[in-house]
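Good morning, and thank you for coming. I would like to present one structure, beginning with a single residue and then widening the view.

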Amino acid sequence: MDNLIFSLNATIPVFLMMVLGMIFRKIGLFDEAFITKMNKFVFVVALPALLFEDIGSANFYEAWDTTYVLYCFGATLLSILISFFISIPFRKNVSQGEFVQAAYRSSAAIIGMAFVQNIYGDYGMASLMIIGTVPLYNVMAVVVLALLKPGQSSLTFALMKKTIKGIITNPIILGIVVGVIWSLLKIPTPVIVHKTVSLLAVLATPMGLMAMGAAFKFQGFSQNIKPIIVCSVMKLVVFVVLFMPFAIYLGFTESKLVAALIMLGSATTVSCYIMARSMGHDGNLTAGTVMLTTLGSAFSLTFWLYILKCLNLV
């Protein structure tokens, strides 16, 4: 019951923030121009600050586990490939890039850190999971959203150049890279800088959620209901079933296994929507998947955690 209450406390407020965005748009507090600027601010400033804060404050020298990081990286890469092949039948009706990103990309940095801390009292192995997944999440998100954009007919040199530039200059990736360097070099963070970055970081989730809710159109949800359901089932069930047994086989337990569970089966992250919109997609499929997986993960994560506890693994 405690785990159910925690899961509901972690996910339902996220869903309600999206609902608030819809309400604010309905009553005229948000308009299209304001929503666009909110998305840009979160993408360029708030999310990079959040990732820098999470990664830059982690101590990887003490907790480094090469096998675990490679497992996280490999499982993520295979999830991306599976998502691509599953997306092929839907590519004529929806944005294939949105489908792939929404199906594989978890809320690892936000929900993952909170979930592990709630169970074990600290971040445990969540930092290592982030190193193994989040850079790949974001690099591949830029690639699939650029290459699988509606109307994109072929891979040209100009497109390759634009994609590479998009990866190098992506604010989220830059936040991760700076955070890794900061952590590895053990650079001390002045209190003023730390508090400033923290204040920016806490804006990422609420602003991103409200902007997503405000821009969401129920018509788009109904038109994309089948791919949204497929993405959600892959995100909450399929990848856990495929890759969690391998994590158990490798001997991962406790916080490593919980972090892996979050990586494989948590809700599709809000930043999927922000990146999709920023790169010219309509975002309806992504928004629907985020909403459905956010609501469903309260129950699916509790179920998976219960199974792991029955096996005495967490």
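Let us start with Thr269, which counts as buried because its relative accessibility is 8%; buried means under 20% relative accessible area, exposed over 50%, and partly exposed in between, with a 1.4 Å probe and protein chains only. This is a predicted model, in which local features need pLDDT of at least 70, side-chain atom pairs count only at pLDDT 80 or more, and totals for chains, interfaces and linings use all residues. Residues are numbered from 1 along each chain as its sequence is written, and side-chain values use heavy atoms, with hydrogens and water left out.

Where does Thr269 lie? Thr269 sits in the loop between α14 (254–265) and α15 (270–278); helices are DSSP runs of H or I with at least four residues, strands are runs of E with at least two, and both are numbered from the N terminus.

Which residues does Thr269 touch, leaving aside those up to four places away in sequence? They are Arg105, Ser106, Ser107 and Val290, where contact means heavy atoms within 4.5 Å. From Thr269 to Met291, the C-alpha to C-alpha distance is 9.8 Å, with 22 residues separating the two in sequence.

Finally, the protein as a whole. It has 16 helices and zero strands, and 51% of its 314 residues count as buried. Of the contacts between residues at least 6 apart in sequence, 85% join residues at least 24 apart.
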